[in-house]
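Biologist: I would like to learn how to read a model like this one, feature by feature. Could you show me the general idea each time, and then the case at hand?

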Amino acid sequence: MTDEQTLTGSAEGIAKYAERGMGELADKMGMVITELSAERAVGTIPVEGNRQPVGLLHGGAFVVLAESLGSMAATVHAGEGRYAVGIELNASHTRSATSGVVTGVCTAIHLGNTLTTHEIVLTDDQGRRCSTVRITNLIRDVR
């Protein structure tokens, strides 16, 4: 797969790469991946079921969605026989979400041979930015 290929609309292609980046937590959170390439990944989580006791989407839920998108995009870039592991992540939460769905859009900043960096913008149903996350992944060979 090349960096330019996008798996939008290809449930089989998305599932192949998503299974390497999603696990039990993503499943429990109700995460759905709708687009996946090295350059761009898009996914959602529902607010309901992922809230803090005071009714706000948990900050960690924003980060789980963001890290999943960034790691999956990096894994697509890594290609067969290689995988990505997160080595640095930072998040700034600027707005809360109390209902609906949160959407994450992941965009590549750097796609190198050993490191990738992606920015993930998370928005609420009204398109308002709630959180901005940056992740750097290390590309490793499968042993």
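Modeller: Strands here are DSSP runs of E with at least two residues, helices are runs of H or I with at least four, and both are numbered from the N terminus. Two strands pair if DSSP finds at least two bridges between them. In this case β1 and strand β2, residues 40-46, pair in the antiparallel sense over four bridges.

Biologist: Before we go on, what kind of model is this, and how are its values taken?

Modeller: This is a predicted model, in which local features need pLDDT of at least 70 and side-chain atom pairs count only at pLDDT 80 or more, while totals for chains, interfaces and linings use all residues. Residues are numbered from 1 along each chain as its sequence is written, and side-chain values use heavy atoms, with hydrogens and water left out.

Biologist: How does the protein chain score on pLDDT?

Modeller: pLDDT is the predictor's confidence in each residue, from 0 to 100. The protein chain averages 90, and 85% of the residues score at least 70. Over residues 1-5, however, the pLDDT is below 50; this stretch has ten contacts in the model beyond near neighbours in sequence. A contact means heavy atoms within 4.5 Å.

Biologist: Which elements does the protein chain have, and in what order do they run?

Modeller: There are three helices and six strands. Read from the N terminus, the elements run α-α-β-β-α-β-β-β-β.

Biologist: And what is the order of the strands in the sheet?

Modeller: The six strands form an open sheet in the order β1-β2-β4-β5-β6-β3, with antiparallel pairing. β1 (32-36) and β3 (82-93) stand at the edges with a single partner strand each, so one side of each has no neighbour in the sheet. On average, neighbouring strands of this sheet are turned by 20° against each other, direction ignored. The angle is taken between axes, which are lines fitted to C-alpha atoms (for helices, over the stretch in contact), and runs from 0 to 180 degrees between N-to-C directions.

Biologist: Now the charged side chains: how many salt bridges are there?

Modeller: Side chains of opposite charge can pair when their charged atoms come close. The rule asks for a side-chain nitrogen of Lys or Arg within 4 Å of a carboxyl oxygen of Asp or Glu, and the count comes to four. Among them is R40 with E35, at 2.9 Å from N to O. Another joins R82 and D141 at 3.4 Å. R82 lies in strand β3 and D141 in strand β6 (residues 129-141), so this pair ties together parts that are 59 residues apart in sequence. D124 and R128 also meet, at 2.8 Å.

Biologist: Are these partners buried or exposed?

Modeller: Buried means under 20% relative accessible area, exposed means over 50%, and partly exposed lies in between (1.4 Å probe, protein chains only). E35 is buried at 16%, whereas R40 is partly exposed at 35%. D124 is buried at 7%, and R128 is partly exposed at 36%. R82 is buried at 19%.

Biologist: How many disulfides are there?

Modeller: A disulfide is a covalent bond between the sulfur atoms of two cysteines. With the cut-off of cysteine sulfur atoms within 2.5 Å, the count comes to zero. As for individual cysteines, C106 is buried at 0% relative accessibility, and C130 is buried with a relative accessible area of 0%.
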